[in-house]
Amino acid sequence: ALHTHFAIDCAKPGTTEDHLKPDGDYYKSILHLIDDAKSNADLFGKSLFVDCVKVSVLSGQSNLTSNSAAYLIAAFIHELRADICAKTGQATFPKFLISPFNDTGSELCLAEGQLDVNHPTLGIIVTSPNTGWKKGI
C-alpha cells in the first residue's frame, strides 16, 4: 500500500510561555491541524501517524534563563506528544525537531541546543542552529 504524507505547517512567530501551555494558541493550533489531517486521512480510508514535529518556540520571550527555557520546552513537548498520540491513536510518540534560532550565545539557544542530552526520553532531535552567516565569516 502506498503511504499518504501530510505536511502540516503551524508557524507562529514570537511564541511565548503562554502559547506553549495546553490552552495556549500555538498548542491548540497544532492539535487543530492534526485533527484536520486525521479527518482528511479518514476520508481516504487511511490512518494518520505523526512521525515528526518541527517546533520553533519561545522566540518572543528572550528574558528566560536557559534552565527555565529548557523546562518550558520539555514540558510543552511532553504534553503535546501525549495529546498527538491520543488524537491519532498511535502507540509511539513522534520525534521533535528543534533548530536553535537565536544568537548562538543566547540563553534560549543554549537551552535548545541541550534538550536532546538533558531530556533523552522525549525524542528530541536538535539540528544545527538556524542562524544566518554573519558578514565576514
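**Exercises on a predicted model**

Leaving aside residues up to four places away in sequence, Thr-88 touches Ile-34, Lys-38, Leu-48 and Val-50, where contact means heavy atoms within 4.5 Å. The model is predicted: local features need pLDDT of at least 70, side-chain atom pairs count only at pLDDT 80 or more, and totals for chains, interfaces and linings use all residues. Residues are numbered from 1 along each chain as its sequence is written, and side-chain values use heavy atoms, with hydrogens and water left out.

**Exercise 1.** Determine in which element Thr-88 is found and whether Thr-88 counts as buried or exposed.

*Solution.* 
Step 1. Thr-88 belongs to helix 3; helices (H or I, at least four residues) and strands (E, at least two) are DSSP runs, numbered from the N terminus.
Step 2. Thr-88 counts as buried because its relative accessibility is 12%; buried means under 20% relative accessible area, exposed over 50%, and partly exposed in between (1.4 Å probe, protein chains only).
Step 3. Its side chain makes a polar contact with the side chain of Gln-90 at 2.9 Å. Such a contact is a pair of N or O atoms within 3.5 Å; within protein, one must be able to donate a hydrogen and the other to accept it, and residues adjacent in sequence count only if both atoms are side-chain atoms.

**Exercise 2.** Describe the surroundings of Thr-15.

*Solution.* 
Step 1. Thr-15 lies in the segment before helix 1 (17-20).
Step 2. Thr-15 counts as buried because its relative accessibility is 0%.
Step 3. The side chain of Thr-15 reaches the backbone nitrogen of Leu-58 at 2.6 Å.
Step 4. Not counting residues up to four places away in sequence, the residues that Thr-15 touches include Tyr-26, Ser-56 and Gln-61.

**Exercise 3.** State how many helices and strands the protein chain has, and in what order the elements run.

*Solution.* 
Step 1. The protein chain has five helices and three strands.
Step 2. From the N terminus on, the order is α-α-β-α-β-α-α-β.
Step 3. Of the 137 residues in the protein chain, 34% are buried.
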